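Hello,

Here is the structure I promised to pass on to you. Have a look at it first, and then read on for what turned up when I went through it.

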Amino acid sequence: MERSEKELKQRLRVCVATCNRADYSKLAPIMFGIKSHPEVFDLEVVVLGSHLIDDYGNTFRMIEQDEFDIGSKLHTIVRGEDEAAMVESVGLALVKLPDVLQRLAPDILLVHGDRFDALALATAASLMNIRILHLEGGEVSGTIDDSIRHAISKLAHYHAVCTLSAERHLISMCEDHSRILLAGCPSYDKLLSAHQRDDYADIIKSWIGSDVNEQDYIVALQHPVTTDIKNSIKIYELMLDALISFNKKTLILFPNIDAGSKEMVRVMRRKGIEQHPKFRAVKHVPFDQFIQLVAHTGCMIGNSSCGVREAGAFGTPVINLGTRQTGRETGENVLHVRDADTHNKIYHALELQFGKRYPCSKIYGDGNAVQRILKFLQSIDLSEPLQKKFCFPAVKECISQDIDHILETQSALAVDLGGTNLRVGIVSMKGKVVKKYIQLNPKTFEERIELILTMCKQAMADAVHLNCRILGVGVSTGGRVNPQDGVVLHSTKLINEWSSVNIRTPLSSALHLPVWVDNDGNCAALAEKKFGHGKGVENFVTIITGTGIGGGIIQHNELIHGNTFCAAELGHIVVSLEGPECMCGSHGCIEAYSSGLALQREAKRLHDEDLLLVEGMTVNNKEQVNAIHLINAAHLGNSKAESVLHTAGTALGLGIVNILHMINPSLVILSGVLAKHYEDPVRQVISQRALLSAQGTNIKVSELEDPALLGAASMVLDYTTRRTY
């Protein structure tokens, strides 16, 4: 008798608390494992949450059918299925749990996932000095679930995670690595052998119908998104419409008990889903049968974690709707329709996915999770101090708060890669160029990168003395740029050896700062948006008139890049079929008429024909004839020079008329060294050639001195205020 009592005391007393059908599917394999080792473990089972509600299937019965003794049943759900009811349910659970936990006195409590019920469990246990093992922490899925999951992780003493990414997330959240087990998902232990079951056809017939074959039906399971209930109900309605149109037999499960579920059920009943001949609406399917249905379905649709996790074990095609699972690791079997805003989009996804098969995925487990978790439980030393310790990263230096820190100016490093010069500037949040550095642009890639780094490092050193905090680096360059990857795809002929070049990586690696890269025309538009005439304007176009002609388009407050990042190549709008050759290889582009190079070309031609100089003008033999000479000659009455400028202004005006007719902006901003010379000709052409409704478009000349630098800086500075382009 004494010996048996001693052995009982040595056993690890494990309490498993389950709140709903979903978490039980993950906890049941562990519970079976614990039960199979009575010499090591003493199992206590607590049931609460939606398990005990008739509308959700009274799923506690499946626990009893699995022959587990339920030690305590706690009615903790306050009905209402809205945000307030969720809060009240947590409060009710916190009122009832202390008595149960005090009576059971477990050595360790197993809590799963990210439900509000689980948060109540973890809160009560931590306050009562009970060790907590949290299952499936560290994952990312969007909605309020993320916040709840991470909160439980901070309360828990031990963690059993499913993926390597989840493990890394917990480590980055300062959890002790030695208390994290990379186990895999417990439900996968059962899933990976599920295909061996021979009676799946009978299960399909019992739940879907006797006339339904394997892979010729759909499983639908959609839950409300508590942080965006209105939109999630809209998506649910669109999903039902798409399923009705798709006209395949569908098993649809009722949503879980989160806020918004009542409204979703109303939508389902309004559409007559429960009476529809193609649908079978159910509140609950036993997990071992449910996974057979998922394994052999033609497609699974909705936003359940089962779709992005368990379904991958069978290669089942899945359509994931909305944002509820955003951030989850998924296999190639999942097609995401995050912006599920139309019935047709969901219907098209069904056409793409239905009937496909994919390779089986083992992202979430290899079938040995339970074995690992049981060993982990046995390794827990109950004599260790209960106080949880966090592994904070080392802090090299403690910076006290002082007046210099308070007055520190948030700033950006801006790089302007021009055809002749390379410029770097320190730009403040208010658009002031605090300090500028200029060097000739080297000819080779290696020299160019080396010089950019040298200049940036010098600027960063100077920024310390100027009391500027550098937040990142923005790069403005000519040519076609992929801003998402920080790669110059095709540059202008002015900048040699600068195509298919990754600028972001070498700069970010060397400077240890985030780096943004974009086309100089787009940067000019961003500069106007943040610091210039475009501030507060929803739709406008910026046109740069300099060595070349470029620009940027802002539509609905967003910068337009285009499908292949070729939008806003405004200099290559063709205004004449027989015009002069452009540097792009075409003829008759605006740039071939109106750019600084085009004016320089015409100035040289007139000079060679002795038609440029008039009284009061001289050109030194060593001096290169350029666009300024042409402009001066025109101002002094040279009719030939006036004709060239008139043609250039007309060409630019015609191009702008085309822009007005295509995108109808409220404002056109002329930027660059030639802008003021083109303002009047452009206005004249618009008044003569534009449609009446477009003639009133506002035309302004930029007042910004360094639009390329300011635009490059704005990419960095806008990020700090969470603006993205």
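From which domains does the lining of the largest cavity draw at least three residues each? The answer is domain 1 (12-185) and domain 2 (193-353). Please keep in mind throughout that this is a predicted model.

First, the overall layout. The protein is divided into four parts: domain 1 (12-185), domain 2 (193-353), domain 3 (408-532) and domain 4 (535-703). Between the C-alpha centres of domain 1 and domain 4 there are 68 Å.

Now back to the cavities. Searching the whole structure gives 4 cavities of 30 Å³ or more. The largest cavity holds about 620 Å³ of space. Its lining is made up of 36 residues, and those nearest the centre are Asn20, Ala22, Asp23, His223 and Ser305. Helix 2, helix 6, helix 12 and helix 13 are the elements that give two or more residues to this lining, with helix 2 providing the largest share, 5 residues. Sorted by class, the lining of the largest cavity has 11 nonpolar, 13 polar and 12 charged residues.

Helix 5 covers residues 116-127, 12 residues in total, and reaches 17 Å from its first C-alpha to its last, close to the 16 Å expected at 1.5 Å a residue. Its buried residues are Phe116, Asp117, Ala118, Ala120, Leu121, Ala122, Ala124 and Ala125. What do the buried residues of helix 5 pack against? Their partners are strand 1 (12-18), strand 2 (41-48), helix 4 (83-104), strand 4 (108-112), strand 5 (131-135) and helix 6 (143-155). Helix 6 also gives residues to the lining of the largest cavity.

Just after helix 5 comes Asn129, a residue in the loop between helix 5 and strand 5. Asn129 has a positive phi of about 60 degrees although it is not a glycine. As background, most residues other than glycine have a negative phi. Is Asn129 buried or exposed? Its relative accessibility is 57%, so Asn129 counts as exposed.

Ala568 is another non-glycine residue with a positive phi, in this case about 65 degrees. Ala568 sits in the loop between strand 24 (558-559) and helix 20 (590-594). The relative accessible area of Ala568 is 10%, so this residue is buried.

Thr316 lies in the loop between helix 13 (305-308) and strand 12 (318-321). Thr316 has a relative accessible area of 0%, and therefore it is buried. Which residues does Thr316 touch, not counting those up to four places away in sequence? They are Val294, Ala295, Thr297, Met300, Ala311, Asn333 and Arg357.

Phe246 belongs to helix 10 (residues 229-246). With 15% relative accessibility, Phe246 also counts as buried, because the cut-off is under 20%. Leaving aside neighbours within four places in sequence, Phe246 is in contact with Ile218, Tyr347, Leu350, Glu351 and Phe354. As for Ile346, 100 residues separate it from Phe246 in sequence, while the two are 9.9 Å apart in space, C-alpha to C-alpha.

Best wishes

Key:
Residues numbered from 1 in each chain as written. Predicted model: local features only at pLDDT ≥ 70, side-chain atom pairs only at ≥ 80, totals over all residues. Heavy atoms only, no water. Domains from an automatic or database assignment. Helix = DSSP H or I, 4+ residues; strand = E, 2+ residues; numbered from the N terminus. Expected span 1.5 Å × (residues − 1). Buried < 20%, exposed > 50% of the residue type's maximum accessible area, 1.4 Å probe, protein only. Contact = heavy atoms within 4.5 Å. 1 Å grid on protein atoms, 1.4 Å probe; cavity = no way out; pocket = protein on both sides within 12 Å on 5 of 7 lines; lining within 4 Å. Points joined across faces, edges and corners; volume = space filled by probe spheres on them. Nonpolar A, V, L, I, M, F, W, Y, C, P; charged D, E, K, R; others polar.
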